[in-house]
Amino acid sequence: MSTLTVAPPRDAVTGDPARLRRALGSFATGVTVVTVGGATPRGMTANSFTSVSLDPALVLLCVGNDAVMNRVLAEAETFAVSVLGAGQEDVARHFADRSRPLGSAQFDAVDWLPGQTTAAPVIAGAAAHFECARWRAYDGGDHTIHVGRVIALDELPGREPLVFHGGRFRQVVPQQPGGHR
């Protein structure tokens, strides 16, 4: 069996970050709100969330090094991740807005409740909630990769997720019986 070698494209990805961002946008992701509780709670919309391991139960999220949340996560012992459901685009936009209020006031515009284990705010009506203890953090270029150990979770079975694809929020369209939409 021979190995196929392909030369890299002439316009290397490092020379065109906008092109790289567009290409990465072709991968559909879920949309989450990451939160930290305590005296000055903080929330942030993130779509770079994924499972890492089932045993131990680990998840990761990537946060820009210049984001306030990056420093907050580095100092927090626990955090929560709410996987947003279809119809929660307004919540995603709220926590992506850099002009939102600081501290607990940023949660006044959304329905939330304290996590049962961490007391970090979790978004009401989300498809799932993961409460996590800080596990590790790794350098990821212009982002930090935060890994958390899942210590509690909750889910709403059957809740369709909010999806981000091609620079836009979208909803999953369930298949109709017989394989048609």
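How many bridges join strand E4 to strand E5, and which way do the two strands run? There are 5 bridges, and the strands run antiparallel. The model is predicted.

**Hairpin E4–E5**
- Strand E4 spans residues 49-54, and strand E5 spans residues 57-64.
- The two strands form a hairpin, with 2 residues between them.
- Serine 53 stands opposite leucine 58 of E5.
- In a regular strand, side chains alternate between the two faces of the sheet.

**Glutamine 106**
- Glutamine 106 sits in the loop between helix H3 (89-96) and strand E7 (112-114).
- Glutamine 106 is buried, at 0% relative accessible area.
- A polar atom of the glutamine 106 side chain lies 3.2 Å from the backbone oxygen of proline 41.
- A polar atom of this side chain also lies 3.2 Å from the backbone nitrogen of glycine 43.
- Leaving aside neighbours within four places in sequence, glutamine 106 is in contact with Pro41, Arg42, Gly43, His94, Phe95, Arg100 and Pro101.

**Cysteines**
- The structure holds 0 disulfides.
- Cysteine 62 is in no disulfide, and the nearest cysteine sulfur, that of cysteine 132, is 14 Å away.
- A disulfide needs the two sulfur atoms within 2.5 Å.
- Cysteine 62 is partly exposed, with a relative accessible area of 23%.
- Cysteine 132 is buried, with a relative accessible area of 0%.

**Salt bridges**
- Side chains of opposite charge can pair when their charged atoms come close.
- The count comes to 2 salt bridges.
- One of them joins the side chains of glutamate 77 and arginine 134, at 3.0 Å from N to O.
- Glutamate 77 lies in the loop between helix H2 (68-75) and strand E6 (78-83), while arginine 134 lies in strand E9 (residues 128-140), so the pair ties together parts 57 residues apart in sequence.
- Glutamate 77 counts as exposed, at 54% relative accessibility.
- Arginine 134 counts as partly exposed, at 34%.
- Arginine 93 and glutamate 89 also meet in a salt bridge through their side chains, at 2.8 Å from N to O.
- Arginine 93 and glutamate 89 are 4 residues apart in helix H3, so about one helical turn separates them.
- Glutamate 89 is partly exposed, with a relative accessible area of 31%.

How values were computed: Residues are numbered from 1 along each chain as its sequence is written. This is a predicted model: local features need pLDDT of at least 70, side-chain atom pairs count only at pLDDT 80 or more; totals for chains, interfaces and linings use all residues. Side-chain values use heavy atoms; hydrogens and water are left out. Two strands pair if DSSP finds at least two bridges between them. Buried means under 20% relative accessible area, exposed over 50%, partly exposed in between (1.4 Å probe, protein chains only). A polar contact is a pair of N or O atoms within 3.5 Å; within protein, one must be able to donate a hydrogen and the other to accept it, and residues adjacent in sequence count only if both atoms are side-chain atoms. Contact means heavy atoms within 4.5 Å. A salt bridge is a side-chain nitrogen of Lys or Arg within 4 Å of a carboxyl oxygen of Asp or Glu.
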